[in-house]
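I opened my notebook to record what I looked up, entry by entry. The model comes first, and my notes follow.

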Amino acid sequence: MRTKTRPRKSQRNLCGFLRLLILLSTVAIHARTVVDEYRQTQEHWPPLQVDESVQVVELGSPTKPPKYEWQTRETEQLGRMLFFDPRLSSSGQLACASCHDSQLGWGDGKRFSAGHDRQEGTRNAMSLLNVAYKKQLFWDGRADGLLDLILRPIQSPLEMNADLPTIIDRLNSIDGYRQPFKEAFGDDQATPDRITKGIAAFLLTIFSSKSRFDHFVGGDYEALTDQEIRGLHLFRTKARCMNCHHGPLLTDNEFHHTGLSYFGRRFEDLGRYQATNQEEDRGKFRTPSLRDLPFTHPWMHNGLFTDLTGILRMYNNGITFNSSVRYRPGTPPLSPLIEPLGLSKEEIADLEAFLISLSRTPRHVFAPALPPMTAEATTTSEPTLNATSFSKESED
Ligand code: HEC
Ligand code: HEC
């Protein structure tokens, strides 16, 4: 009997093989679970892990913001000309576009921008992508929206260094601007308010192109690789990034000290404190969006990083960057949301792959033809202005 019921050797081998197969497929199913959980609509994604104090908004694709009544085709077109026109600077050499170039992620690709007389500022030129969603502008949030910002770079001694009344007179003396001002505002005169609204209307058209991540959340579940999805999972959980980089733009639009204020050292920048004078704002900077990173480097308010892996290693250590030379006594405290992460090399690579999937080459915007100086304007304008150089630049 015993021998009868006992399976033959070949049967036993088969059983063992089947068991092994089941075991392997269970392991495979288990290993794929996290990735699979993301390949479905967002409400089925694994839960987010953020600190209790944080009001988090899920990642996703941004929806177009509502338009202002002054945002028309005509104001946008006028604004585009003004944005590219170096005659808005005292030297006649620098336009907004000199530091905000669509081919450089709408920044200038430099650590610090060279402004009037090639003087270097102390901050990295910010990308203008998606500026429509941002409220407190500049790294320290000192400008309260676009309308409050536009005239500042024109007048800043480190940027375009211009005297506003002189620029208004100059624009009003250029015949070719009369028609565009008239079409935009019903009257051909340039005024500070019209220059502001024109340029703002143009900036409000600058958005990121749809990234692979957007296709993924839109239902194309093959748009991200397994590695990128593992990175997305880390971003939402163990890597703690969502504590500050959340919502469709991957920013909370808040200010934090992450350890890069260089307190007491050559490049000290106390950030938000300069705008508010509040003790608790020392060293805080606005959380930047993480869309289109490959185009917006160098990164951080001081353009210190050109290497994404370096940034991730720094976060992994709980930002010990400054402490490699020891934080100076009195250094403002780091955000309590920053702590060491314990990510492996593979996990850092996954996270980096995810970050890159949030980008797509921004649309290139060409400089429009600019109206030439009128004869009268050439003789009455400052001697540094060179009418021929403008007509050359205006060739499209
Ligand atoms: C010399 C280079 C330079 C020029 C010229 C320049 N910018 Fe900037 N821009 C910068 C820098 C640097 C910053 C960041 C400054 C800071 O945070 O203190 C910036 C920030 C900005 C921001 C803030 C974006 C954000 O997300 O907060 C906007 C908007 C902007 N510039 C628009 C303009 C416009 C419009 C012009 C022309 C009128 C202009 N810029 C001219 C260098 C420049
Ligand atoms: C405490 C809030 C906070 C957390 C948590 C956080 N960040 Fe940041 N992040 C910031 C702030 C603020 C800056 C700008 C700091 C500066 O310029 O000094 C920044 C800058 C960056 C930049 C540079 C972007 C640019 O355009 O210059 C990258 C990349 C980045 N963070 C990725 C991450 C990743 C990935 C994680 C998770 C591992 C993370 N951050 C976690 C607040 C945070």
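**Ligand 1**

I looked up the surroundings of ligand 1 and found 24 residues around it, of which Cys96, Cys99, Gly115, Leu137 and Pro153 are the closest; a residue is near a molecule if its C-beta atom, placed from the backbone, lies within 6 Å of it. I note that this is a predicted model, in which local features need pLDDT of at least 70 and side-chain atom pairs count only at pLDDT 80 or more, while totals for chains, interfaces and linings use all residues. Residues are numbered from 1 along each chain as its sequence is written, and chains are lettered from A and ligands numbered from 1 in the order in which they are written.

I then checked which elements contribute, and α4 (96-99) and α6 (151-155) each give at least two residues to this shell, with the largest share, three residues, coming from α4. Helices here are DSSP runs (H or I, at least four residues), numbered from the N terminus. By type, the shell around ligand 1 holds 16 nonpolar, five polar and three charged residues, where Ala, Val, Leu, Ile, Met, Phe, Trp, Tyr, Cys and Pro count as nonpolar, Asp, Glu, Lys and Arg as charged, and the others, Gly among them, as polar.

**Ligand 2**

For ligand 2 I found 25 residues around it, with Cys241, Cys244, Trp299, Met300 and His301 coming nearest. The elements that give two or more residues to this shell are α13 (293-296) and α14 (308-316), and α14 gives the most, three residues. I recorded 16 nonpolar residues, eight polar and one charged in the shell around ligand 2.
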